[in-house]
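Student: I'm new to this structure and would like a close look at just one part of it. Could you pick a strand, walk me through its surroundings, and then show me how some helices pack?

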Amino acid sequence: MSSTPFHLRPFRPEDLSALVKRANDPTVAAYLSDMFPHPYTEEHGHTFLEEAAKPLPFRRCIDIDGECCGAIGLHPRQDLWRRNMEIGFWLGKDKRDQGIMARAIQQMVKLGFETFPEITRIFGTTFGTNTASQRTMEKAGFTLEAKFMGTLVKNNVVQDELIYAIRRM
């Protein structure tokens, strides 16, 4: 595994161009919620950067060599699930397979547990067909907690949903 250097930081307005360039790749949207638009336009980027400036959801830019190459975020749950946050993440195609995302997830989990002391569990969901995301979460220390058969529909294809989680130690 490569040890490509990166760091997590707040998003900045000047991230717009790199954000739109990488987020507009169809392989990014392929395994994300339908709320993630494709094509990803400059308008979508502006909206995202405005939302990322708010304290919640808790979002960070994955910065490699001073450029926005992806995003990672913790999304709080409410009501009965209020001690949980859901992690979401993506990385530009040109930066994948370098061992970055598992380390970014580990950093975000540490930051999340430090920033939100009431949170006891961080979880992520993935498509049953997204083996890369499954391996990445496992490398980051997450454990498979559940598999739901045929619960997701993406591009009119029914898929399984896998839920991975990590608990505060």
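Tutor: Let's start at one end of the strand: isoleucine 64 has glutamate 67 as its bridge partner in strand 3. Keep in mind that this is a predicted model.

Strand 2 and strand 3, the latter covering residues 67-76, run antiparallel and are joined by seven bridges. Together they form a hairpin with two residues between the strands, and in that hairpin aspartate 65 takes a positive phi near 55°.

Strand 2 has another neighbour too. Strand 1, residues 7-9, pairs with strand 2 through three bridges, again in the antiparallel sense.

Now for how covered the strand is. Strand 2 spans residues 58-64, and seven of its seven residues are buried. In a regular strand, side chains alternate between the two faces of the sheet. Here, Phe58, Arg60, Ile62 and Ile64 lie on one side, Arg59, Cys61 and Asp63 lie on the other, and all of them are buried. In other words, both faces of strand 2 are covered.

On to the helices. Take helix 1 (residues 16-23) and helix 3 (residues 42-52): they pack at an angle of about 120°, and their axes are 9 Å apart. Helix 1 and helix 3 are therefore oblique to each other, and their crossing is right-handed. On the helix 1 side, the contact uses Leu16, Leu19 and Val20, while helix 3 brings in Glu42, Gly45, His46, Phe48 and Leu49. Sorted by type, the residues of this contact between helix 1 and helix 3 are five nonpolar, two polar and one charged.

Helix 4 (residues 100-115) packs against helix 5 (residues 131-139) at an angle of about 50°, with 8 Å between their axes. That angle makes helix 4 oblique to helix 5. The crossing of helix 4 and helix 5 is right-handed. If you want to find where they touch, look for Met101, Ala102, Ile105 and Gln106 in helix 4, which meet Thr136, Met137 and Lys139 in helix 5. The residues in this contact of helix 4 with helix 5 split into four nonpolar, two polar and one charged.

So, back to where you came in: strand 2 pairs with strand 1 and with strand 3, and its seven residues are buried.

Terms used. Residues numbered from 1 in each chain as written. Predicted model: local features only at pLDDT ≥ 70, side-chain atom pairs only at ≥ 80, totals over all residues. Heavy atoms only, no water. Buried < 20%, exposed > 50% of the residue type's maximum accessible area, 1.4 Å probe, protein only. Helix = DSSP H or I, 4+ residues; strand = E, 2+ residues; numbered from the N terminus. Pairing = 2+ DSSP bridges. Axes fitted to C-alpha atoms, helices over the stretch in contact; angles between N-to-C directions. Parallel < 35°, antiparallel > 145°, perpendicular 65-115°, else oblique. Left-handed = near helix turned anticlockwise from the far one by under 90°. Contact = heavy atoms within 4.5 Å. Nonpolar A, V, L, I, M, F, W, Y, C, P; charged D, E, K, R; others polar.
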